[in-house]
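This report describes how the secondary-structure elements of one model are arranged.

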Amino acid sequence: MPVRLRPADPAVVGPALARFRDGAADRDDLRLLTKHLLALLVAKAPGGAVEVRVPPYAAAQCLTGTRHTRGTPPAAVEMDAATWIALGTGDLDWAEAERDGRLLASGERSGLGPLLPLLTVE
């Protein structure tokens with residue numbers, strides 16, 4: 001059984017986000033921030049209608065509706081960690097990321113823009 005995503009301790013999120021914004025984030029920072037923001041997304045919009053993939057770090061299902069259990073989900077969003085972190089913190093707008101080809105979103109309800117940002121840190 002997979003481990004559930006949980007929000008990370010703010011004492012480690014803040015410094016990791018600062019390193020990310022400074023361009024000095026390492027793989028551990030990217031993993032931490034990716035999983036933290038996915039946990040916040042799942043808490044904000046629980047369900048299994050849309051799968052959000054941020055390889056190689058994590059994937060999560062969100063939004064109420066039809067839940068998939070195997071194979072390709074009816075709605076999926078995929079992007080790299082830097083894009084997900086920028087979206088989740090409000091440093092990047094969903095429409096801009098979509099326009100620039102920084103994410104792939106397919107299926108009904110895969111536009112997550114209205115749920116973002118998940119975290120705002122000055």
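## Sheet and helix packing

Val 54 has Ala 58 of strand 2 standing opposite. Strand 1 (residues 50–54) and strand 2 run antiparallel and are joined by five bridges. Helices (H or I, at least four residues) and strands (E, at least two) are DSSP runs, numbered from the N terminus; two strands pair if DSSP finds at least two bridges between them.

The model is predicted: local features need pLDDT of at least 70, side-chain atom pairs count only at pLDDT 80 or more, and totals for chains, interfaces and linings use all residues. Residues are numbered from 1 along each chain as its sequence is written, and side-chain values use heavy atoms, leaving out hydrogens and water.

An open sheet of mixed pairing is formed by four strands in the order 2-1-3-4. Its edge strands, which each pair on one side only, are strand 2 (58–62) and strand 4 (103–106).

| Helix | Strand | Angle |
|---|---|---|
| Helix 2 (residues 27–44) | Strand 2 | about 10 degrees |
| Helix 3 (residues 81–89) | Strand 3 (76–79) | about 110 degrees |

Helix 2 lies across strand 1 and strand 2, whereas helix 3 touches strand 1, strand 3 and strand 4; contact means heavy atoms within 4.5 Å.

Helix 1 (residues 10–21) packs against helix 2 at about 120 degrees, the axes being 9 Å apart. Residues meeting there include Val 12, Leu 17 and Phe 20 in helix 1 and Leu 30, Leu 33 and His 36 in helix 2.

Note on methods: Axes fitted to C-alpha atoms, helices over the stretch in contact; angles between N-to-C directions.
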